[in-house]
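Please open the model in your viewer and keep the selection panel at hand.

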Amino acid sequence: MALWGGRFTQAADTRFKQFNDSLRFDYRLAEQDIVGSVAWSRALAKVGVLTAEEQQRLEQALNELKARVVADPEQILQSDAEDIHSWVEGELIAAVGDLGKKLHTGRSRNDQVATDLKLWCKAQVPLLLEKIDALQNQLVTVAREQQGTVLPGYTHLQRAQPVTFSHWCLAYVEMLERDYSRLQDAAARLNTCPLGSGALAGTGFPVDRHELAKSLGFDGPTRNSLDSVSDRDHVLELINCAVNSMMHLSRFAEDLIFYNSGEAGFLELSDAVTSGSSLMPQKKNPDALELIRGKTGRVFGAYAGMMMTLKALPLAYNKDMQEDKEGLFDALDTWYDCLEMAEMVLHDLKVNEDKTREAAQGGYSNATEMADYLVSKGIPFREAHHIVGAIVVHAIGKKLPMEELPLEDFKQFSDVIEDDVYPRLTLESSLASRCALGGVAPEQVEVALTNAEQQLKAR
Ligand code: ARG
């Protein structure tokens, strides 16, 4: 049964109905729509629109309906109701008869859908926070295990300075920490209840919106009815949280895809998260990581789509806003799945320490250390930089790593260089000297690791 037949003399074209209906995706709001309806029935009873006995009958029927949809949400898809709000009202009327027709008094689908969607968003937040937290914990576990593993650090994808695998893991812990707090911020801002705003001008019944908001678990009611029914900032913000975090996950994925390549050979991914080629028997492809990288695109797309949908929409509700759901659902589902996959990839990851050490040793990654050595002998840094550049060219010419050049070669470039240069050119020395806060020196990584472990435990 449509909610609005009276004004019409002709049936809707079936193609229009298909185009217009949203049940196939907004059925996911069923629980929220029912919970919101129970709260609304109570508000109506308080202002005398329903008797206490009527309200109880409605509440009981709604709760029975909720149990049904929780057990099998997909059953809703059998119906040809226009949207989830029509479906719930239709089922209620089927259960309690004409009494069900009183529920929509003073309410509009506009404040209803805004409320349902906010309730849905509120329910997603803890699930996503938990997933971010789990990934952070896994990164910290790997960081603890791999504390001694040296890794080449890159800029421009050229070997730059040695780092450690732990330091790399902790970099992602930081990014995810910002994703975590961004999501908390967004959640705090969406915690106001639009119910009781009516279609756009406010409800025609003197309901206590403070009580209504509290009963639904919101901090309080929204303050302006026009804004209440047309605000979708929270949808945009939540997708933005996904956008930022997916951007981080895509970099995580890309790093690992590269480390896992035959050319780098730094690690081997578990069979559990890789797949084979139908043609080339030797292949073991990093599909989980590639999909994380690839799905980042659709999440960015959802964000762009939502911005364009909302741009220049006149107040208040417009049907354009029905387009908010699919992008939001997909973005948050995708984010959730990618967080889970990223965590799974980190389980069972085998790092090839010989390879990472060999690569970190090569590529003249100790050149900065050499320049710092010259500085310690009193040479101004800019000059030291120039001298080391020339030494690198010389070493490349002799096909030798810098630490294998004989002292007399070094002497050609600067007579301050002595035998004590050799211990400075080791990987250990490069790492140990990056000892200011946030650097890769083992004692700083230990501090960072302990802090991360404590922070995560205290959460
Ligand atoms: N299915 C609609 C949506 O998702 C519900 C609100 C409909 N309101 C209206 N005035 N037609 O936005």
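**First stop: around the ligand**

Select the ligand and then the residues that surround it, which are Ser22, Asp26, Asp83, Arg109, Asn110, Val113, Tyr317, Lys319, Met321 and Gln322, a residue being near a molecule if its C-beta atom, placed from the backbone, lies within 6 Å of it. This is a predicted model, in which local features need pLDDT of at least 70 and side-chain atom pairs count only at pLDDT 80 or more, while totals for chains, interfaces and linings use all residues. Residues are numbered from 1 along each chain as its sequence is written.

Coloured by class, the shell around the ligand shows 3 nonpolar, 3 polar and 4 charged residues; here Ala, Val, Leu, Ile, Met, Phe, Trp, Tyr, Cys and Pro count as nonpolar, Asp, Glu, Lys and Arg as charged, and the others, Gly among them, as polar. Which helix gives the most to this shell? Helix 6, residues 109-145, does so with 3 residues, where helices (H or I, at least four residues) and strands (E, at least two) are DSSP runs numbered from the N terminus.

**Second stop: two loops**

Then select Leu157 in the loop between strand 1 (150-155) and strand 2 (158-164); phi of Leu157 is positive, near 55°, although the residue is not glycine. As background to both places, most residues other than glycine have a negative phi, and most peptide bonds are trans.

Show helix 3 (residues 30-46) with helix 4 (residues 52-71), whose axes come within 10 Å and cross at roughly 175°; axes are lines fitted to C-alpha atoms, for helices over the stretch in contact, and angles run from 0 to 180 degrees between N-to-C directions. Because of that angle, helix 3 is roughly antiparallel to helix 4, a label used for angles over 145 degrees. The residues of this contact divide into 10 nonpolar, 3 polar and 4 charged.

**Last stop: the whole chain**

Zoom out to the protein, whose secondary structure comes to 19 helices and 6 strands. Its C-alpha atoms fill a box of roughly 100 × 50 × 40 Å, taken along the principal axes.

Terms used. Parallel < 35°, antiparallel > 145°, perpendicular 65-115°, else oblique.
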